[in-house]
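Here is a short briefing to read alongside the model.

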Amino acid sequence: MAPPTSSAITLNINGEKYTLSVDHRTTLLDALRERLDLTGTKKGCDQGQCGACTVLLDGRRAVACLQLAVSAEGREVTTIEGVAEGERLHPVQQAFLDLDGYQCGYCTPGQICSAVAVIEEHAAGWPSAVTGDIRPEAGPPPLTAEEIRERMSGNLCRCGAYVSIVQAVARAAAVEAGAEETGEAVA
Amino acid sequence: MREFGYQRASDVAGAVALLGADPDARFLGGGTNLVDLMKTGVERPSRLVDVRELPLDRIESTQDGGLRIGATVTNSDLAAHAEVRRRYPALVQAVLAGASGQLRNMATVGGNLLQRTRCGYFGDVTKPCNKRVPGSGCPAIEGDHRNHAILGASRHCVAVHPSDMGVALTAFDAVISYETTEGSGELPLCDFYLPVGDTPHLETALPPGALITGVTLPSAPVAARSRYRKVRERASYAFAIGSIAAALDVRDGVVSDVRLAFGAVASRPWRARAAERALTGARADGESFAAAADAELAAAEPLIHNGYKVTLMRNLVVAVLSELLEEASR
């Protein structure tokens with residue numbers, strides 16, 4: 001007997017529960033945009049190469065285009081709509097606004113979700129491919145422009161707004177770390 | 001995309017039972033490769049058994065001083081793990097050189113080993129491909145093969161394995177554990193991938209229906225002085241055109257232990273045993289390193305457009321071993 005090809009699922013998105021029936025082929029990206037009217041998450045390449053659809057799954061960044069909706073049941077999904085605290089923008093959102101971290105804006109929700117996670121990954125001591133000393137004793141490397149560029153390399157911007165994006169991520173990281181510097185110095 | 005059934009497994013025995021004998025069913029890990037291939041029609045599973053929540057997400061020390069890595073450990077957690085960073089730095093560097101932060105959060109160790117080649121003909125269902133449709137031909141041999149194999153290929157397939165992680169695991173003699181409905185088993189990574197021959201569609205020695213449950217790294221003191229270097233066409237977020245995992249121990253100017261494995265040159269992560277044999281007991285200097293590289297690459301059979309890889313790999317061997325030597329003498 002052929003197995004059922006759709007399921008009733010409950011998704012936990014930005015702290016709210018949504019119950020819907022999905023064809024198993026539905027990606028989380030399509031469920032968000034086409035079924036739940038959460039269109040902040042953008043579809044770029046739809047094959048995991050551009051990062052426009054980046055969301056947070058259980059607090060970690062992931063591309064929603066390669067995540068099946070049915071497999072996201074039981075996980076905490078945070079989209080760009082859920083990054084701010086009410087009317088108060090997340091420091092990453094504020095920094096992108098203040099420093100013009102975009103041109104057309106299409107990749108921006110993915111850039112911001114990714115940057116939110118980058119700052120947390122760095123604070124947790126995760127090394128990157130450009131980290132010189134990866135021994136745990138070395139601690140987190142300085143969040144230089146080189147580190148930001150490497151850690152953000154999964155988010156493409158076809159307008160090429162990378163210079164401002166790097167500055168915005170640096171400033172947001174500094175703000176979150178409670179530091180005074182603006183972040184421009186490292187970019 | 002073909003319609004498919006979906007079930008989530010909560011324990012290993014349940015997962016292998018759910019997959020059963022259905023050759024069209026697939027295990028779903030992070031999905032970063034499988035879901036992509038389903039969208040393009042390369043993979044057309046009838047059912048997915050989701051194994052991401054299996055209790056295989058731990059990294060533990062073994063009694064002999066090695067590590068056992070669960071199959072559902074994500075690439076990110078592997079690369080962030082303190083003991084992996086201390087004992088097998090080349091493995092961490094290899095994982096961090098692969099994909100993007102988003103994909104490393106999703107991707108799993110078990111899935112990494114079973115990911116498919118990124119050969120453009122394999123990924124395009126309108127083209128012939130012996131790996132995808134046995135007997136249909138290999139257009140890469142006469143066509144776009146700039147990033148294809150120079151070692152161990154055949155006239156039936158010249159695709160390369162895309163894993164970075166697997167290259168470091170190969171250098172450190174990793175052993176793959178798996179489970180089937182008949183029981184559990186183990187395969188050394190060096191025997192895990194099958195020779196290409198005239199059956200490029202048969203990629204691993206895993207029994208049908210087997211689920212990878214973990215990877216064991218034996219104790220390897222030499223691995224603490226190891227590194228991974230990846231060459232690619234852009235600075236980040238691209239597959240390798242050539243890569244190397246290397247570890248080196250030198251006593252009194254002589255190579256006492258060495259590990260070398262190459263990536264993006266063959267259908268599997270390529271353990272450079274001829275080079276290791278040439279180096280062990282030899283003087284640790286640039287001349288020996290170059291001779292060892294030549295010993296390994298003597299077997300290379302480049303195609304018209306990928307001969308650069310022979311030079312690239314020779315230079316990588318010399319450069320990375322020289323760096324390790326310099327580091328050791330500090």
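How many residues of domain 1 of chain A are in contact with domain 2 of chain A, and how many of domain 2 are in contact with domain 1? Keep in mind as you look that this is a predicted model. The contact involves 14 residues from domain 1 of chain A and 11 residues from domain 2 of chain A.

**The two domains**

- Chain A splits into domain 1, covering 6–82, and domain 2, covering 91–186.
- Between the C-alpha centres of these two domains of chain A there are 23 Å.

**The domain 1 side of the contact**

- Strand E3 (54–57) and strand E4 (60–63) of chain A are the elements that give two or more residues to the side of domain 1 that touches domain 2.
- E3(A) provides the largest share of that side, with three residues.
- Sorted by class, this side of domain 1 of chain A holds six nonpolar, five polar and three charged residues.

**A helix pair in chain A**

- Helix H2 (residues 91–98) of chain A packs against helix H3 (residues 108–123) of chain A at an angle of about 130°, and their axes are 9 Å apart.
- Because of that angle, H2(A) is oblique to H3(A).
- H2(A) and H3(A) form a right-handed crossing.
- From H2(A), the residues A:Val92, A:Gln93 and A:Phe96 meet A:Thr108, A:Ile112, A:Ala115 and A:Val116 of H3(A).
- The contact of H2(A) with H3(A) counts five nonpolar and two polar residues, with no charged ones.

Note on methods. Residues are numbered from 1 along each chain as its sequence is written. Chains are lettered from A and ligands numbered from 1 in the order in which they are written. This is a predicted model: local features need pLDDT of at least 70, side-chain atom pairs count only at pLDDT 80 or more; totals for chains, interfaces and linings use all residues. Axes are lines fitted to C-alpha atoms, for helices over the stretch in contact, and angles run from 0 to 180 degrees between N-to-C directions. Helices (H or I, at least four residues) and strands (E, at least two) are DSSP runs, numbered from the N terminus. Angles under 35 degrees count as roughly parallel, over 145 as roughly antiparallel, 65 to 115 as roughly perpendicular and the rest as oblique. A crossing is left-handed if the near helix is turned anticlockwise from the far one by less than a right angle, and right-handed if clockwise. Two residues are in contact if their C-beta atoms, placed from the backbone, lie within 7 Å. Ala, Val, Leu, Ile, Met, Phe, Trp, Tyr, Cys and Pro count as nonpolar, Asp, Glu, Lys and Arg as charged, and the others, Gly among them, as polar. Domain bounds come from an automatic or database domain assignment.
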